[in-house]
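Reader: I am new to this structure. Please take me through one part of it closely, the nonpolar core, and then through what surrounds it.

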Amino acid sequence: MKSIDPITAPSTQSNPIRVAIEQAIAENPVILFMKGTPDAPACGFSARTVAALQALDAGFAAVDILPDPRIRQELSALSNWPTIPQLFVDGELVGGCDIVMEMYESGELAETLGVEGSSAQTPAEQLPDEAAASGLQIENRLS
Amino acid sequence: MPTPEEIKLRIETAIPGARAEVEDYTGGGDHFRASVTAEAFAGRSRIEQHRLVYDVFGAEIGGPIHALSLKTAVA
């Protein structure tokens, strides 16, 4: 039986979460790391970011970072960005809620995603407000 | 827990020429909004501009500073 020497073992052995994150970013052209899910966001910033993507009818993958605190840890180490949500397009970090919302309002988000934005898109003021939703206070569901 | 004034001071000290306006938008002492203008932002993407500000606070983001919402612009 061959035993695995941890010093020389491939990195997949020592950091499966990081590898899974890298893979998800590589395999999904638009991917949002968020708190909660698109149907049930657990934080106002995530809710707002999801709403902007949905308002543009853009397809996207979503990863809930809440089930395991290591997800957020590895993600932030990888992206060099401290907050959630994080939107990646074509393997690159586009930004968090603030940047995504600025880009939504300017039309840049639609352009980056390759979708039709339009002057008829839902005004940003009508998307969920991050302060209003922060009353949920269930951001750290560490079980 | 930091106050808006402290946050403003730390940003303006760490980023030369920066002007910051900071408010506590929930009144709870840990959710802040900052509007920062700085010449140092010139030529940088939004991500890079925001990183310059987040780097001032390091591990405090997500901890005592639960949320720091940013708007940045070149001065």
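Author: Start with the residues that touch the most other members of the largest nonpolar core, which has 32 residues: Leu32(A), Phe33(A), Met34(A), Ile65(A), Val100(A) and Leu109(A). A nonpolar core here is a set of buried Ala, Val, Leu, Ile, Met, Phe, Trp, Tyr and Cys residues joined through C-beta atoms within 7 Å. Buried means that 20 or more other C-beta atoms lie within 10 Å of a residue's own; exposed means 12 or fewer, partly exposed is in between, and C-beta atoms are placed from the backbone.

The model is predicted: local features need pLDDT of at least 70, side-chain atom pairs count only at pLDDT 80 or more, and totals for chains, interfaces and linings use all residues. Residues are numbered from 1 along each chain as its sequence is written, while chains are lettered from A and ligands numbered from 1 in the order in which they are written.

Which elements build the core? Two or more residues each come from helix 2, strand 1 (30–34), helix 3 (44–55), strand 2 (61–64), strand 3 (86–89), helix 5 (97–106) and helix 6 (108–113) of chain A. Helices (H or I, at least four residues) and strands (E, at least two) are DSSP runs, numbered from the N terminus. Helix 5 of chain A gives the most, 6 residues.

Now look at Leu109(A). Leaving out residues up to four places away in sequence, Leu109(A) touches Ala52(A), Leu56(A), Val100(A), Met103(A) and Tyr104(A). Touching, or contact, means C-beta atoms, placed from the backbone, within 7 Å. A second, separate core has 17 residues, including Ile7(B), Ile11(B), Ala20(B) and Phe32(B).

Next comes helix 3 of chain A. Of its 12 residues, 9 are buried, so the rest of the structure largely encloses this helix. Among the buried ones are Phe45(A), Ala47(A), Val50(A), Ala52(A) and Leu53(A). Gly44(A), Ser46(A), Arg48(A) and Thr49(A) are buried too. After helix 3 of chain A comes Asp57(A), with a positive phi near 60°.

Helix 5 of chain A also faces the other chain. In all, 10 residues of chain A contact 13 residues of chain B. On the chain A side, strand 4 (92–95) and helix 5 each supply at least two residues. Helix 5 of chain A has the largest share, 3 residues. By class, that side has 4 nonpolar, 4 polar and 2 charged residues. Here Ala, Val, Leu, Ile, Met, Phe, Trp, Tyr, Cys and Pro count as nonpolar, Asp, Glu, Lys and Arg as charged, and the others, Gly among them, as polar.

Methods:
Contact = placed C-beta atoms within 7 Å.
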